[in-house]
Amino acid sequence: MKIKSSLNFKVKSNLNALDLVIDSFSQIDKITIPKKDWLQCQLALVEAFTNAVRHAHKDLSQETEIEIKITLVEGCLEIYIWDYGPPFDLQAYLKNLSHQKPNNWAEGGRGIPILHKIADRLDYIRDENNRNCLSIIKYFSPIQENLADERN
Amino acid sequence: MNDFVKIFQPSGILDGTKAKEFQQEISASLEKDTKIILVDFQDVTFMDSSGLGSLVLLLKTVRAAGAKIFLCSLNDQIKILFELTSMDRIFTIFPTRSDFEEDIVQQEL
């Protein structure tokens with residue numbers, strides 16, 4: 001499959017880098033991704049990034065880098081985020097979450113449920129370099145380029 | 001008009017940090033006579049879940065003070081955030097500021 005767009009960048013563990021993360025994502029081809037899917041993926045990326053800063057890198061220096069890779073192939077957007085935090089069992093967390101009634105009045109705790117809803121596949125895997133990789137895979141029905149041309 | 005109705009119009013990215021500042025501004029207005037608050041999202045480009053979390057906290061504060069809070073002019077990204085978290089059922093949201101004015105101000109004043 002032909003890669004239409006790919007991005008790889010690193011940001012510091014600082015919430016101030018949020019603008020940069022949003023700006024970087026805007027480089028991803030908007031023509032063939034339906035707007036709703038594009039916006040959902042943008043939100044998923046932001047939630048994943050802020051989660052890494054707030055939780056995974058809670059006890060690490062703000063200088064610690066978070067690596068982000070985004071790959072767009074026909075009908076599928078893949079987002080990978082690497083952090084240096086402690087291991088975390090995402091699947092167990094999600095399983096536990098599915099047994100709980102969501103608390104509408106909570107101030108926090110919405111990040112992972114949002115990722116879970118947006119992603120078609122969501123994984124958090126420990127790699128051999130003691131990093132964790134969160135992967136967010138989202139499928140969509142691509143807008144055909146000729147139709148996209150008319151739309152724009 | 002006094003401070004009975006107060007409109008806030010934050011701008012840019014509304015994340016947890018920014019929403020907290022804005023939340024303090026609103027809390028301060030509650031100490032006066034404000035009973036109705038409108039947050040106009042016209043100039044907000046992006047909001048994440050921590051921005052939303054602060055907004056929920058604000059909703060609780062406003063209700064505890066016996067006041068009401070309404071939102072308007074959410075962009076598509078913010079609408080998606082509200083839908084994904086079912087917060088569109090918790091907040092009263094108007095399409096535009098004039099919809100709010102027609103509906104609420106007429107009714108309350």
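The expected span of a helix is 1.5 Å times one less than its number of residues. The model discussed here is predicted.

Q: What span does helix H1 of chain B reach from its first C-alpha to its last?
A: Helix H1 of chain B runs over residues 16-30 and has 15 residues. At 1.5 Å a residue, a span of 21 Å is expected, and the helix comes close to that value. The span reached is 21 Å.

Q: Which residues of H1(B) are exposed on the side away from the buried ones?
A: Gly16(B), Lys18(B), Ala19(B) and Leu30(B) are buried in H1(B). They lie on the same side of H1(B) because they cover an arc of only 145° around the axis. Strand E2 (11-14) and helix H2 (49-64) of chain B are among the elements that cover them. On the other side, the exposed residues are Glu21(B), Gln24(B), Glu25(B) and Ala28(B).

Q: Which element gives the most to the side of chain A that touches chain B?
A: In the contact between the chains, 21 residues of chain A meet 20 residues of chain B. Helix H1 (18-25), helix H2 (35-56) and helix H4 (111-118) of chain A each give two or more residues to the chain A side. The one that gives the most, with nine residues, is H2(A).

Q: How many charged residues are on the side of chain A that touches chain B?
A: That side of chain A includes eight nonpolar and six polar residues. The number of charged residues is seven.

Q: Which residues does Leu45(A) touch, leaving aside those up to four places away in sequence?
A: The largest nonpolar core has 61 residues, and Leu45(A) is one of those with the most contacts inside it. H2(A) gives the most to this core, with twelve residues. Beyond four places in sequence, Leu45(A) touches Val21(A), Phe25(A) and Ile79(A).

Q: Is Ser73(B) buried or exposed?
A: Ser73(B) is in the loop between strand E5 (68-72) and helix H3 (76-84) of chain B. Its phi is positive, about 60°, although Ser73(B) is not a glycine. A residue is buried if 20 or more other C-beta atoms lie within 10 Å of its own. Ser73(B) has 20 such neighbours, so it counts as buried.

Q: Is Asn130(A) buried or exposed?
A: Asn130(A), in the loop between strand E4 (121-126) and strand E5 (132-139) of chain A, has a positive phi near 60°. Asn130(A) has 10, so it is exposed.

Note on methods. Residues numbered from 1 in each chain as written. Chains lettered and ligands numbered in written order. Predicted model: local features only at pLDDT ≥ 70, side-chain atom pairs only at ≥ 80, totals over all residues. Contact = placed C-beta atoms within 7 Å. Helix = DSSP H or I, 4+ residues; strand = E, 2+ residues; numbered from the N terminus. Nonpolar A, V, L, I, M, F, W, Y, C, P; charged D, E, K, R; others polar. Buried ≥ 20, exposed ≤ 12 C-beta atoms within 10 Å, placed from the backbone. Arc of directions from axis to C-beta. Core = buried A, V, L, I, M, F, W, Y, C linked by C-beta atoms within 7 Å.
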